[in-house]
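Hello,

Here is the structure I promised to pass on to you. Have a look at it first, and then read on for what turned up in it.

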Amino acid sequence: MNIVTNSEKNNDKFLRQKTVDFDFSKFSKKEINELIQEMKKTMIAANGIGLSANQIGLKWKVFVAQVPASEGDSKFYALFNPSIIKTSEDGVLYEEGCLSVPGKYGEVKRPRYIIVKAQDKKGRPVKIKAWGLLARVFQHEIDHLNGGLFIDKAKSVVDVSKAAK
C-alpha cells in the first residue's frame with residue numbers, strides 16, 4: 001500500500017475529506033484482519049507510529065498505532081470509528097511530523113490526556129485512556145479521519161526537505 005501525501009492537489013483534497021464510519025456488516029473477519037495487517041505493515045515500513053485509513057486511500061474511520069512504551073515494549077492498536085470523548089484542560093506543545101506531509105515538522109499543542117471511545121476489530125465497543133505520546137498519536141490520527149492535518153494546527157512548520165538541499 002502506498003501512502004497518500006499532500007504534495008498533489010487531488011491527494012490533499014482527499015486527505016482533507018471527513019472519513020465515513022466503518023460498517024462491520026460489509027466485511028468478513030478475514031478482510032478486517034487483512035486490512036489491519038496491511039495498515040500495520042505499511043506504517044512500520046514507513047517508520048511511522050500511526051496510520052489512518054485515508055492515508056492509504058481508504059475513506060473509512062480506521063487507524064492503527066504502535067507507540068513505544070517506557071518499559072521498551074509497545075502495544076499495537078487498531079481502532080474503528082474512534083472519537084475523543086474527554087480531554088484534559090492542560091495542553092502540551094510537542095513537535096509532530098506526518099507520513100502524508102513528508103519532510104515537514106511543527107510544534108502542535110494538544111491535550112496531555114484523552115479518553116477515546118471506538119470499536120475493536122470485532123466491532124465491540126472499547127474505551128481507552130491515553131496520555132503522553134499515545135494521546136498525541138491518537139489525536140493526530142483522529143484529526144486525519146476528520147480531514148485535518150497537523151500543519152493546520154502547528155505553530156510554525158519547518159520543511160527539512162528544503163533545508164537539506
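**What was found**

Tyr 94 has a relative accessibility of 47%, so it counts as partly exposed. Please keep in mind that this is a predicted model. Tyr 94 sits in strand E4, and its C-alpha lies 5.0 Å from that of Glu 107, a residue 13 positions away in sequence.

Tyr 94 also belongs to a nonpolar surface patch of about 260 Å², which it forms with Ile 49 and Leu 133. Ile 49 is in the loop between helix H2 (29-45) and strand E1 (50-52), and is partly exposed at 33% relative accessible area.

The volume of the largest pocket is about 410 Å³. Its lining is made of 21 residues, and those closest to the centre are Ile 49, Glu 96, Gly 97, Cys 98 and His 140. Strand E4 (91-97), strand E5 (104-111) and helix H3 each supply at least two lining residues, and H3 gives the most, with five.

**Helix H3**

How far does H3 reach from its first C-alpha to its last? Its 14 residues (132-145) span 20 Å, close to the 20 Å expected at 1.5 Å a residue. Twelve of those 14 residues are buried, so H3 is largely enclosed by the rest of the structure.

After H3 comes Gly 147, with a positive phi near 85°.

**Salt bridges**

How many salt bridges does a search of the whole structure find? There are eleven. Two of them lie within helix H2:

- Glu 34 and Lys 30 meet at 3.8 Å, N to O. They are four residues apart in H2, about one turn of the helix. Glu 34 is partly exposed at 42%, while Lys 30 is exposed at 59%.
- Lys 41 and Glu 38 have their closest N and O atoms 3.2 Å apart. They are three residues apart in H2, again about one turn. Lys 41 is exposed at 52%, and Glu 38 is partly exposed at 29%.

Another salt bridge joins Asp 90 and Arg 112, with closest N and O atoms 2.6 Å apart. Asp 90 is in the loop between E3 and E4 and Arg 112 in the loop between E5 and strand E6 (113-119), so the pair ties together parts that are 22 residues apart in sequence. Both are partly exposed, Asp 90 at 36% and Arg 112 at 44%. There is also a network in which salt bridges with shared partners join Glu 96, Arg 110, Arg 136, Asp 143 and Lys 153.

**Two backbone angles to look at**

Asn 47 has a positive phi, near 60°, and is not a glycine. It lies in the loop between H2 and E1 and is exposed, at 72% relative accessible area. Asn 81 is not a glycine either, yet its phi is positive at about 50°. Asn 81 is placed in strand E3 (residues 74-87) and is buried, at 16%.

Methods
Residues numbered from 1 in each chain as written. Predicted model: local features only at pLDDT ≥ 70, side-chain atom pairs only at ≥ 80, totals over all residues. Heavy atoms only, no water. Patch = residues over 30% accessible without salt bridge, like charges linked within 9 Å, V, L, I, M, F, W, Y side chains within 5 Å. Areas by Shrake-Rupley, 256 points an atom, 1.4 Å probe, with all protein chains shown as cover. Salt bridge = Lys/Arg side-chain N within 4 Å of Asp/Glu carboxyl O. Buried < 20%, exposed > 50% of the residue type's maximum accessible area, 1.4 Å probe, protein only. Expected span 1.5 Å × (residues − 1). 1 Å grid on protein atoms, 1.4 Å probe; cavity = no way out; pocket = protein on both sides within 12 Å on 5 of 7 lines; lining within 4 Å. Points joined across faces, edges and corners; volume = space filled by probe spheres on them.
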